[in-house]
Structures are given as C-alpha cells and as structure tokens.
Amino acid sequence: MPVGGLTFTPRQRITSWREIARRGRDGEDTAPLRAGYDHDAIDTCAGCGLCALACPVGIETGRLVKAQRGERLGALANRIGRAVAANYGPCRSACGRGSPVRTCCTRRWAARR
Ligand code: SF4
C-alpha cells in the first residue's frame, strides 16, 4: 500500500502497466514511462499481497509485480529460483545458523563492507 507518495497504489500499478503495454503495441517509446514504473511500481512493492484483501474483486497486484521482477532476471536466475522454491525445506536447512553455506555467505558479505 502507498506510503506518503513513495510508491504507486495497486490501481496505479495496473493502469500504468496497461499504458506501457498499449504504447509498446502501438510502437511508441515506452522508456520514459518504464523508467518511472520500475521504481514506483516494481522496486517499491513489498509483494505482500494485501491489495487482494482491499480489492473488491480480489486482484492481487503483487503477483503482477513478482512476475515482472522475474522477467527482469536472466534465465539462470529464474531456474535457480524455481529450484530453491521446489526444495525450500532443504535449502532453508542448508542456510540455517551454523551451516557452512551461511557461514560462507556471511563472510563474503562482511568482506564487501
Ligand atoms: S503486494 Fe503489497 S505492496 Fe505490492 S501492491 Fe499489493 S499491497 Fe501494495
């Protein structure tokens, strides 16, 4: 949900995306709209799905945003994401406290700072 003008409302996300799609179909330049949309609609959506509760017909705009985030990633990232989702339990255990994976990631993250 929008907070102090930081982000679009779910309805704004849908109407903006519809306009970008229309312009794309009509051969118009979508880059200026797309640049704003990426931040105001995609990057600032929490993906929480609460919009479906407030929407009178149950539209969950977060699903659109999650699909668009997936489109921005490459094929490899999508394959890895699907594999992790399909094996969430083992992956979560592998990344739990004290696991070698978590220790390695934590060290790499700390080294970057
Ligand atoms: S998923 Fe959450 S943050 Fe994204 S549009 Fe819906 S309510 Fe707003």
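This is a predicted model: local features need pLDDT of at least 70, side-chain atom pairs count only at pLDDT 80 or more; totals for chains, interfaces and linings use all residues.
Asp-38 lies in helix H2. Asp-38 and Ala-85 are 47 residues apart in sequence, and their C-alpha atoms are 25 Å apart in space.

The domain assignment divides the chain into domain 1, residues 1–72, and domain 2, residues 75–113. Taken over C-alpha atoms, the centres of domain 1 and domain 2 are separated by 28 Å.

Helix H1 runs over residues 10–25. H1 has 16 residues, so at 1.5 Å a residue it should span 22 Å; the C-alpha atoms at its ends are 23 Å apart, which agrees. The buried residues of H1 are Pro-10, Arg-13 and Trp-17. These residues cover an arc of only 55° around the axis, and therefore sit on the same side of H1.

What lies over the buried residues of H1? The cover includes helix H2 (31–43), helix H3 (51–54) and H4. After H1 comes Gly-27, whose phi is positive, near 80°.

The next topic is the ligand. There are 13 residues around the ligand, and those that come nearest are Cys-45, Ala-46, Cys-48, Cys-51 and Gly-62. By class, the shell around the ligand is made up of eight nonpolar, four polar and one charged residues. Which helices supply at least two residues each to this shell? They are H1 and helix H4, the latter covering residues 61–72. H4 gives the most, with three residues.

The last stop is Arg-102, placed in helix H7, residues 100–112. Is Arg-102 buried, exposed or partly exposed? Arg-102 is partly exposed, because 13 other C-beta atoms lie within 10 Å. Leaving aside neighbours within four places in sequence, Arg-102 is in contact with Cys-95, Gly-96 and Arg-97. Arg-92 is ten residues from Arg-102 along the chain, and the C-alpha atoms of the two are separated by 10.0 Å.

Methods
Residues are numbered from 1 along each chain as its sequence is written. A residue is near a molecule or strand if its C-beta atom, placed from the backbone, lies within 6 Å of it. Helices (H or I, at least four residues) and strands (E, at least two) are DSSP runs, numbered from the N terminus. Ala, Val, Leu, Ile, Met, Phe, Trp, Tyr, Cys and Pro count as nonpolar, Asp, Glu, Lys and Arg as charged, and the others, Gly among them, as polar. The expected span of a helix is 1.5 Å times one less than its number of residues. A residue is buried if 20 or more other C-beta atoms lie within 10 Å of its own, exposed if 12 or fewer, and partly exposed in between; C-beta atoms are placed from the backbone. The arc is that of the directions from the helix axis to the C-beta atoms. Two residues are in contact if their C-beta atoms, placed from the backbone, lie within 7 Å. Domain bounds come from an automatic or database domain assignment.
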